[in-house]
Amino acid sequence: MPPDAAPPLSGIRVLDLTTARCEIGGRILADLGAEVLKIEPPEGCDARRMPPFEDGREGEADGSLYWAAYGASKRSVVLDLASDEGRAGLRALAEGTDVLLESFAPGHLAALGLGYEDLRALNPALVYASITPYGQSGPDADSPATDLTIEAAGGLLSLQGDGDRPPIPVGYPQAGLHGGAPAAADAVVALVERDRSGLGQHLDVSMQACMVWTMMDASGYPATGGGDKPGYGDDRAEPRPPHPSGLHLPQLIAAADGHVIVTMGVNLPQRIAVNETIAWMREDGVELPEHLQAIDWEDWHEQFIDPSAVPAETLALIDEAVLLAAEFLGTKPKRELHDRAVASGALIAPIMTAADLLADPQLASRDYWRDVEGRPHPGPFAKASRTPLRSPRPAPALGEANALLGERRRTAPAVRAGAAASAGRTRAFEGLKVADFSWVGVGPLLGKALADHGATVVRIETSKRIDTLRGMPPFKDGVRDINRAQFFANFNSSKLGMTLDLSSEGGRSVARRLAGWADVVLESFTPGTMERHGLGWEALSEGRDDLLMVRTCLRGQTGPEAPFTGFGSQGAALAGLHGVTGWPDRPPDGPYGAYTDFINPRFGLAVIAAALRERARSRRGQLLDISQVEVGIHFLAPLVLDYAVNGRVAPPAGHDSRTACPHGVYPVAGAERYIAIACETAEQWRALRDLAGLEGFDGGEFDTYEGRRGARDRIDEPLRAWCAGHDGHALAARLKAAGVPASAVLRSSDLYEDAQLAHRGFFVTLDHPEMGPTPYDGLATIYSETPGTPRKPAPLLGEDTHHVLTELLGHSAEEVAILAASGALT
């Protein structure tokens, strides 16, 4: 299917009024083809003053590499919103615009007569997205916040760092990115709905709620009756429990030229790393000690069917062999280890630096890096076969598009006759049919997003290879069962579930029929898997011009490393996010869990919704290829530019910040309890200084970040002592009331008691047929008119097979019986 010239959001106009931490939202919409007008004050937007900078250009309007990354492809319009003329100019633009993004404090724009209700009166078709730390209303809505304190309030901070030190954030500020990206996706979803109703709506995005979704499995532990995840509550400082097999398996290995992460275990594909390393050792003439050679290294895993029955002596022997294998891997350079992993399927991934990313052969083979004024920028976050995303263009000079203010106003999007009564509006994807062949993380979350917004999503599984998440805790009431895994349930709510054996002809026949029924086919297997079952793009799209197929995997569908398999932990390593997270004096520790699994769905939903919107006009589908690593790189794009321009490789950041000081996580009263505090402005600093009684810091030099940064240790010592005796929640409340960004470091169990999340109705209780009433994570964005929500609990394995076959696909009872007898429905 040859590409068309226009990206999917061509013709859409966006007004971008976001503050610095949420610039990525407008950038995503620009990549999708929208005309994004960055509305700036006369002195320029805050993002122009965000580090890192090109050396020697600190403070210049165009010297910020942050702005170069996230201002790319936008246009700049200067409007002084403090003046009548500036406000009138914004109203004039809003009359003819489609989407407005803003991240001011709640009520700020409304006080200027520029709130949603004000602009909706001028343009009822406007989609107006507000991104704030906690949401537009509730007990914390007006609380000051920074990326650090939002990560603390959203739970992620409690899961990261070494047990003998306080928790740490991801090494590059993430909360604003996690807020801006879903705002862009939700805006496109709202445009899809607007195409039916003719009306816009307000989107209320909570960064705190966005961060809860990065907690992976941890948020489900309290919901299943198990308290906090073991090792992440009062017991945080204790040694982490061994692998469920009883083995002590390394996760980080110092290679000859850096570090790699490795996932070892007794199941496929985890055991490949063990088997492959033992074989590699023998190839290199490195023999195991004689007492270890007697172990059958091809079938050693079979004795772990019941881990509790494995003798201690056997565990000790395999532990010894694994230690020797790790030492062997440590003699090899990262590239050699990764090449071997690609060839063998071992879950070994190099922890990439910015230098590694720019030299990566897989990214080069996919033409990922795009030259913008002589600098390499991350390229499009998805490959679309027919409506390719826009390559980045230089961030605009201040006011370069001011001529638009003198142009004749664009005609506002048409409001359909009779659409003013919103009672009949339905969710954005109502009527959409999705065949979800994905598994584990990113793919199921994309399918869930479509289902939560009304689509009929059929999740296809097989009992012959159970989805990894069905076998992982937490299990309801601690009862280990594939239908009691909340990790799986949280990622698959709102879906129907069926089982098919794709290795059988009968199973493949049903799969082809299901794909023929679907508007969207979603899959996340290793490239080539669907083709081996006769379900690849070429086969499914034959005779179907309208099929949209979404394929997501770690490294993309093409290139020499396309076969590499892994999870979001490997994705974080390959995208550079692992390498910047940890303590500067220790090896990188990385973000918690499969971190890129929670970046990709935000971008993926945006491009899927844009493609569906374009499909509704053209009646033509296409193939979307989403590389999870390529998407993840966008969340540290300024650090890549910092290396390309200045030669700086960012180390693990610990508690270091380029914009705030103090910026730390301090122990408070209670076992493993902490508070996060960060001061970005002179006003915040003075309030903290006075409240904490910090003496000796009255000089004006401490009003600047640089002045406080130079005295960081002197500030931290008394501040740490002051925090130590306080209750973290009470202290955070006092600090916020004084204007200081702060949050207790919330654990999973704290989130269910959090008044702000409760105010938003974030957790949604669904009555699961096996687990009973169980809370699920809800949506981070509240739609004013057509809200999405988890609509039904996740399916039991194969729960809806008969319904799908008979009611959706039209099989007769006799045909179903024949399929069942053949084993096709297992």
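Which residue forms a salt bridge with Arg 165? In this predicted model, with residues numbered from 1 along each chain as its sequence is written, local features need pLDDT of at least 70, side-chain atom pairs count only at pLDDT 80 or more, and totals for chains, interfaces and linings use all residues. Side-chain values rest on heavy atoms, with hydrogens and water left out.

The partner is Asp 585, with the closest N and O atoms 2.9 Å apart. The pair ties together distant parts of the chain, 420 residues apart: Arg 165 sits in the loop between helix H6 (147-153) and helix H7 (175-197), and Asp 585 in the loop between helix H21 (568-574) and helix H22 (600-618). Helices here are DSSP runs (H or I, at least four residues), strands likewise (E, at least two), numbered from the N terminus. A salt bridge takes a side-chain nitrogen of Lys or Arg within 4 Å of a carboxyl oxygen of Asp or Glu, and by this rule the count comes to 64.

Asp 452 pairs up with Lys 448 in another salt bridge (2.8 Å, N to O). Both residues are buried (under 20% relative accessible area; exposed is over 50%, partly exposed in between; 1.4 Å probe, protein chains only).

The side chain of Asp 452 also joins that of Ser 494 in a polar contact of 2.5 Å (a pair of N or O atoms within 3.5 Å; within protein, one must be able to donate a hydrogen and the other to accept it, and residues adjacent in sequence count only if both atoms are side-chain atoms). Ser 494 is buried too, at 5% relative accessibility.
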